[in-house]
Amino acid sequence: MTVRTVAIQSPGDMGSGVGRELIARGFRAVTCLAGRSERSHALARAAGLELVESLDTLVDAADILLSILPPAAAESFADEAAAALRRTGARPAFADCNAISPATALRVAARFEGTGTTVIDAGIIGNAPGKSALPTRFYCSGPDTAALEALDGPNLSVRRLGGDLGRASAMKMVYAATTKGAFTLNTAALIAARTYGLSDPFHAELEESRPAAFADMNRRVPRLPLDAERWVGEMHEISETFAAAGLPADFHRGAAAVFELLARTPIASETRETVDTSRTLDDALAIFAATLGSPADDEGGPTDE
């Protein structure tokens, strides 16, 4: 299938990075920023995406539309996109690339019944193109994934998982369960250690016995609030995925609660462009604990008088 124009909704960190990569490879990348934040406008401009005025114009211009949004917005945007297809008669392929459960992916696909468009289930793993030595991986599934496979390249690897819608979303869910789920477990343990007055010996033990893991905590945990709000929904999608597989769903409901805590911290008002890069793990934990309301400022444990 020949794909020339790719619509990306919306150009956040991942979407703008995908757009920049595709433009560099000769594709035309377009987006509609009606109602979007100034940050989205800035990212789109920096990536070189072409702006159009309406969703109708967007779907009419595109050969494929990539939905790259917070999970909570996946179904509502599918409704909007399907309505635009019906109004315009346009038939771009629609690739839902959001972090959603297989059940949600099937509900998204159902929105497009009768439109004549091809729906592709996709799950993105990795950083935005160019931000890692590894390519950004787009796992995909569905009866016809050719439009998304046409975007395959050195920094954006498209990997087909078969003909069943939902398989790619399941792949994203089980992967994120081990990464973002682990981030929240680490964060909860670090906050608990601080609450019990054990930060110094706990950090020393981690540095001695698990140096690579502790280095990763130092790098990642202070920045988790930047994405916490949009990752809450992803944890609930993972819970739904686990429950459908007959597994306990409470692991990632707990992870969602940790992200809800982090989303209430002052750090959550920062962005990846404005984050205080000098903030240490200890600095971040003090802020997390204060938001939790634990008596952690003096490192006194909850059993202290």
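How many aromatic pairs does the ring-centre rule give here? The count comes to three, where rings of Phe, Tyr and Trp (its six-membered ring) pair if their centres lie within 6.5 Å.

## Ground rules

This is a predicted model, with pLDDT of at least 70 needed for local features and 80 or more for side-chain atom pairs, while totals for chains, interfaces and linings use all residues. Residues are numbered from 1 along each chain as its sequence is written, and side-chain values use heavy atoms, leaving out hydrogens and water.

## The aromatic cluster

Phe77, Phe94 and Phe112 form one aromatic cluster. Take Phe94 and Phe112: their ring centres are 4.4 Å apart and their planes sit at 35°, so this pair counts as tilted (under 30 degrees is stacked, over 60 edge-to-face, the rest tilted).

The pair links distant parts of the chain, 18 residues apart: Phe94 is in strand E5 (residues 93-96), and Phe112 is in the loop between helix H5 (102-110) and E6. Helices (H or I, at least four residues) and strands (E, at least two) are DSSP runs, numbered from the N terminus. Phe94 is buried at 2% relative accessible area, and Phe112 is buried at 3% (buried is under 20%, exposed over 50%, partly exposed in between, with a 1.4 Å probe and protein chains only).

## The sheet

Eight strands make an open sheet with mixed pairing, in the order E3-E2-E1-E4-E5-E6-E7-E8; strands pair if DSSP finds at least two bridges between them. Strand E3 (50-52) and strand E8 (156-160) are the edges, each pairing on one side only.

Strands E1 (residues 5-9) and E2 (residues 28-32) run parallel, joined by three bridges. Ala7 stands opposite Val30 in E2.
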